[in-house]
Amino acid sequence: MTGQTNINKKNIAVIFGGRSAEHDVSIITAHIPIIQSLLAAGQFDVWPIYISREGSWYCNKEMNDLAYFKQDDFKTRLVKQKKIRILFDNGLKIIWPGIMSKTIQIDIAFPAMHGTFGEDGSLMGLLRMANVPFVGCDLFASVIAMDKVLTKQIISIEGISVVPYVWFTKNDWEKNKDIWIEKIFKLKWPLFVKPVHLGSSIAISKVKQKTELENAIKVAFHYDDKILVEESVENLIEVTLPIMGNNELRLAAIERPLNKTEFFDFSDKYLSAGGKKSGGVNSYYSEIPADIDKKLAEQVEDLGKRTYRALGCSGIARIDFLIDADTKKIYVNEVNTLPGSLYHHNWKKIGVSGVELVTKLISLAEENFIQRKNITYAFNSDILKKAGGQKNQNN
Amino acid sequence: MIKKWLSRYNLHYPRFLVYMLQVSEYNIRDYFNWYHKAKNFSNIEQRKRLVKTPKSFFLLTATWIILLFTLVIDFLILRFIVFPFRYILFFLILLSIPYFLAYIIIIPLFILKIFIQMPIEYLIIKKTRQILKNHKAIKIAIAGSFGKTTMREILKTVLLEGKKTAAPPENYNTSMGISKFVKTLKGDEEILIFEMGEYYSGDIEKLCDLVQPDIGIITGINEAHLQKFKKIERTIKTIYELSDFLGEKPVYINGENELARKNAKPNHIIYSRDGIGDLKIKNQKTGLDGTSFIIIKNDKELEIKSGLLGLHLVGSLAVAADIALNFGLTFEQIKNGVSKIEPFDHRLEPKIDNAGVITLDDSYNGNPDGVKAVIEFLAGLKNCRRFYVTPGLVEMGEQTEKIHKQIGKELAKAGIEKTILIKNSVTPYIKQGLKEAEYKGEVIWFDNALTAFAALPYLTVGGDIILLQNDWPDQYQ
């Protein structure tokens, strides 16, 4: 640990794991680069809060080491761990119950949870209730970004292009399949079928033939009750742009994933990174900066900033784009409010180290928290006194 | 405090004692130096693990037998001896077992050494001496406080261009190491190169007696191993045992090193980055892509380029060129040979990662001259952030404070942006040196090297240079 600023270290809770299909990805993001960078910075006392697949909360500093989660007997060890309790009492406190009970006041929370019950706004809601500063996007942006349809609807209103699509719920589909099939047939094929709320490209299928459609929809409904069917951009240039900031935005490099398969699925994103263990979840198959012409790059950057603002993002987010190589038309595909491993490999390339990245995100979280504090949520009135009683008098 | 004291009573304690003997190369003095300083025995095997060899197995078994035997005696006292304070005696013995073990472990080591190791080694060395005596190759011996392995590898690579040359691998620089290497010789070698390790007075003389060298090279003398030699005069005398043995035969002396140069005799050949006698060198340049210079001899010029980093190596390359010319190699062969030399493992060895961070691994370089040369190299690198990472140098004896303060001053002078120091007994002196020289960069402290290494990828960005200077084995704190 660095020792240049050992006194008065801030207590940072890195929250990861969770009841999500992206549980394991979250463990990686939490460690590479978040915990490693926080430890390297030397200014923080890092408390790793791990939420199991079952939803139990644990905190033990041994969990600051990624190796803890790779142990063969990990589950046995976890069972022996004491589950923590959380307390909302003038901020967020974590408590290890028992005879030797211990309580820690958390100064800042660093959510590192992908997908459901974390990135989808659930955790942000909890942290807002706790009245503790937290890193990254707030509740509203997280909720919208987690829903691919809501994202498309909102940014369309702002005049940002999205690929033509149809969406429906499981109930809609079961009630009147034919209407939806008819609508889908009006789209330009091939198509993509996606669960609306899932990240990391889980359960996404590319449908080229009509016979494949129903099965793809079935797969998507296995993971979500709302799905999206959208046109595929052929001759595709897929790029992504990580952005950081609250009011003043800083852009990372435009990055082009170099797909191995036809589209970028879960195994491409997280399992094929190969060789380099320390690279986080996505370091090896990208072109940084993307080799696209300057004008196109400027448009991507402009659209990126507009999308970030339209959704009310703060802290950090990553905007994914689809570019039609023939027409040069750019579509915003989706917004990710917790980029895997914070896309630290990209930030590093443009001169932002892991330590600089996490410390900047923490200062943005504090800035946001102060802004939120200045908003009046409470309103004193005598309505409660008047309730019931007064009505009776009037009667 | 109590936790540290209790760490002596863990079940791995006997293993840790054997491990420390092993990393101290079974040198009793080094082992006790470590033992008397060690306070916490809970995590001794940090950098390496105990290597299972017949010797370590024997010692570990013997230690456990002694331990169990002592326990049995202790319980017998409790059971059979009628003594008013027998419980106190029992606990006193029980508590003192770890201390007792740390010393008693020497007895099986001595038994092993006197009755098995020494007779075997005597026979092996006798055979080696005989083989080398009959071997027709010209023998080159390299001695010095630093730079021996680099010189050996440079010489070998260059001479291989025209002569059948062989040299021991790794750090085979003791009688037994050399014997191991000699066993592999085919007999048709024309040149043999030996590196001579010096730890105590008389070491080089013994090795000269074994190898019978024809040519000597003294790469430099400094405070490395001063803790063992106690006085620098003793180091000088030991290294110059090579020159004493060779008498009038050729001895190359590194003129860039003050102590080596001052003690040189008139018949010695002085080399430096400017050349050797009538072999002149000009246009020396160095950078991250290597080192280049021009050799001039008998009005003939030859441009040479090597992958090695740092101008301090030009002198060693010049020695290789001079010896090669004397052996009849052509300019072209020398050029080819030098171009084949790549940076050696952990000796200013450049590595670049995916993000474009360049790490210069100089973790085998732990001597003041080497450090000075590396900082000089870093000073020449522009338009990048430079991270200098070090735990300091070991075995500097009474010169520890002076040498480390000097390192701090040199870092400040070179304008290094970030100095990363590992907390131990010597790095505060580097900090002091930095402060005295009004260092403008940032000093970052880490508890140990492993946490520093883990943090480096998160402290750096593309284009940064990280210099890893020296590495401390577990026996130093």
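Is A:S341 buried or exposed? A:S341 counts as buried, because 25 C-beta neighbours lie inside 10 Å and 20 or more are enough for that label. This note goes through that residue and other points of the structure, which is a predicted model.

1. **A:S341 and its backbone.** Look at the loop between β17 (330-336) and α12 (344-349) of chain A; A:S341 sits there. Its phi is positive, about 55°, although A:S341 is not a glycine. Most residues other than glycine have a negative phi.

2. **Two cis peptide bonds in chain A.** Most peptide bonds are trans. The bond from A:I32 to A:P33 is cis, with omega near 10°. A:P33 belongs to helix α1 of chain A. The bond from A:W189 to A:P190 is cis too, with omega near 0°. A:P190 is in a loop, between α8 (177-185) and β9 (191-195) of chain A.

3. **Chain A overall.** Chain A holds 15 helices and 17 strands. Of its 395 residues, 45% are buried. Now take its contacts with a separation of 6 or more: residues 24 or more positions apart account for 69% of them.

4. **Confidence in chain A.** The average pLDDT of chain A is 88, and 89% of the residues score at least 70. Two stretches call for care. Over residues 260-264 of chain A the pLDDT is below 50, and the model gives this stretch ten contacts beyond near neighbours in sequence. Residues 1-6 of chain A also stay under 50, with 20 contacts beyond four places in sequence.

5. **An open sheet in chain A.** Three strands make up this sheet, in the order β4-β5-β6, with antiparallel pairing. Which strands stand at the edges? They are β4 (85-88) and β6 (102-106) of chain A; each has a single partner strand, so one side of each has no neighbour in the sheet. On average, neighbouring strands of this sheet are turned by 25° against each other, direction ignored. Strands of a sheet pair through backbone hydrogen bonds. Five bridges join β5 (residues 92-96) of chain A to β6(A).

6. **Chain B overall.** Chain B has 19 helices and 16 strands. Its radius of gyration is 25 Å, close to the 23 Å from the globule rule for 477 residues, so chain B is as compact as a globular protein of that length. Along the principal axes, its C-alpha atoms fill a box of roughly 95 × 60 × 40 Å. Buried residues are 42% of the 477 in chain B. Among its contacts between residues at least 6 apart in sequence, 72% join residues at least 24 apart.

7. **Strand β5 of chain B.** How do the residues of β5 (residues 251-254) of chain B point? B:V251 and B:I253 point one way, B:Y252 and B:N254 the other way, and all are buried. Strand β4 (residues 215-218) of chain B runs parallel to β5(B), with three bridges between them. Strand β6 (residues 269-272) of chain B is also parallel to β5(B), again joined by three bridges. B:I218 stands opposite B:I253, and in β6(B) the bridge partner of B:I253 is B:I270.

8. **A loop glycine.** B:G310 lies in the loop between β10 (300-306) and α14 (314-326) of chain B. B:G310 is buried, because it has 23 other C-beta atoms within 10 Å. Residues up to four places away aside, it touches B:T286, B:T291, B:L348, B:A373, B:V374 and B:F377. B:S292 is 18 residues from B:G310 in sequence; in space they are 9.7 Å apart, C-alpha to C-alpha.

9. **Helix α19 of chain B.** The buried residues of α19 (residues 449-459) include B:A449, B:A452, B:L456 and B:Y458. What covers the buried residues of α19(B)? Both chains take part: the cover includes α1 (23-41) and α13 (354-373) of chain A. It also includes β13 (386-390), β14 (418-422), β15 (442-446) and β16 (465-469) of chain B.

Terms used:
Residues numbered from 1 in each chain as written. Chains lettered and ligands numbered in written order. Predicted model: local features only at pLDDT ≥ 70, side-chain atom pairs only at ≥ 80, totals over all residues. Helix = DSSP H or I, 4+ residues; strand = E, 2+ residues; numbered from the N terminus. Buried ≥ 20, exposed ≤ 12 C-beta atoms within 10 Å, placed from the backbone. Contact = placed C-beta atoms within 7 Å. Pairing = 2+ DSSP bridges. Axes fitted to C-alpha atoms, helices over the stretch in contact; angles between N-to-C directions. Rg over C-alpha atoms; globule rule 2.2 N^0.38 Å. pLDDT = per-residue confidence, 0-100.
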